[in-house]
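Subject: A structure for you to look at

Hi,

Here is the structure I promised to pass on to you. Please open it next to this email and follow along as you read.

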Amino acid sequence: MTVNKNEGYLGNNLIKRAGIETQYAKEELDEYLKCSKNPCHFIENYTQIISLDEGMVPFKLRGYQDKLINHYNDSRFSVVLASRQSGKSITSCAYLLWFLLFHPEVTVAILANKAATARDILGRLQLAYENLPKWLQQGVVSWNKGSVDLENGSRVVASSTSSSAVRGGSYNMIFLDEFA
């Protein structure tokens, strides 16, 4: 599936805007169903991340990252104690992307000690989204540095951890980065 200029979101042809009908080939539909049921399959086959050494690369999960994703998927509450630079934030970010795409009408909050850090994590999610095949993307309703709203009714917001950061909202998932 290709997206022409009129189908991109605000001139960004990497992002499918809301209201664009997707015609799936049989193989794409089969793969979409596999991705919807298995976050590790989705991440390993369709998510790209930035490597400091190689630039944009496919996300190849290591065994502990695979276990982390399955734990997130099977458990309502998760607290992760892991060493620095082990890939826990990007792994969590990839899982959040899967969750938003394949669970309609959910709201996710990304919170960090500084708003800039939370926006950076959201930026990684947005970059991974931009590099998905169009047939896996939901249409985008709004896209900015602080939030993304998708056509399936799902939403992600980024904020700093303050006493009023997400007060008053209802969230299906809250990702707290380095909150200790």
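Here is a question to start with: is Ser154 buried or exposed? Before the answer, a word on the source: this is a predicted model, in which local features need pLDDT of at least 70 and side-chain atom pairs count only at pLDDT 80 or more, while totals for chains, interfaces and linings use all residues. Residues are numbered from 1 along each chain as its sequence is written, and side-chain values use heavy atoms, with hydrogens and water left out.

Ser154 is buried, with a relative accessible area of 1% (buried means under 20% relative accessible area, exposed over 50%, and partly exposed in between, with a 1.4 Å probe and protein chains only). You will find Ser154 in the loop between strand S7 (147–150) and strand S8 (155–160). Helices (H or I, at least four residues) and strands (E, at least two) are DSSP runs, numbered from the N terminus.

The side chain of Ser154 reaches the backbone oxygen of His103 at 2.7 Å. A polar atom of that Ser154 side chain also lies 3.3 Å from the backbone nitrogen of Glu105. Both are polar contacts: pairs of N or O atoms within 3.5 Å, where within protein one must be able to donate a hydrogen and the other to accept it, and residues adjacent in sequence count only if both atoms are side-chain atoms. Leaving aside residues up to four places away in sequence, Ser154 touches Leu100, His103, Pro104, Glu105, Val106, Val148 and Asp149 (contact means heavy atoms within 4.5 Å).

**Two residues with positive phi**

Glu105 lies in the loop between H4 and strand S5 (107–112). Its phi is near 55°, a positive value in a residue other than glycine. Glu105 is exposed, with a relative accessible area of 64%.

Leu10 also has a positive phi, near 45°, and is likewise a residue other than glycine. Look for Leu10 in the loop between strand S1 (8–9) and strand S2 (12–16). Leu10 is exposed, at 74% relative accessible area.

**Helix H2**

How many of the 8 residues of helix H2 (residues 39–46) are buried? The number is 6, so H2 is largely enclosed by the rest of the structure. The buried residues are Pro39, Cys40, His41, Phe42, Ile43 and Tyr46, and what covers them includes H1, strand S3 (48–51), H3 and H4.

Pro39 is worth a click. Its relative accessible area is 2%, so Pro39 is buried. Not counting residues up to four places away in sequence, Pro39 touches Ile69, Asn73, Tyr95 and Trp98. Pro39 and Ile69 are 30 residues apart along the chain, and their C-alpha atoms are separated by 7.3 Å.

Two packed helices are described by the angle between their axes and the distance between the axes. Axes are lines fitted to C-alpha atoms, for helices over the stretch in contact, and angles run from 0 to 180 degrees between N-to-C directions.

Start with helix H3 (residues 63–74) and helix H4 (residues 88–102): their axes come within 10 Å and cross at roughly 45°. That makes H3 oblique to H4 (angles under 35 degrees count as roughly parallel, over 145 as roughly antiparallel, 65 to 115 as roughly perpendicular and the rest as oblique). Gln65, Leu68, Ile69, Tyr72 and Asn73 in H3 meet Thr91, Ser92, Tyr95 and Trp98 in H4.

Next, helix H1 (residues 26–37) packs against H4 at an angle of about 120°, with the axes 9 Å apart. H1 is therefore oblique to H4. Tyr32, Cys35 and Ser36 of H1 make this contact with Trp98, Leu101 and Phe102 of H4.

On the H4 side, the contact includes Ser89, Ile90 and Cys93, and on the H5 side it includes Ile121, Arg124 and Leu125.

Enjoy exploring, and write back with your questions!
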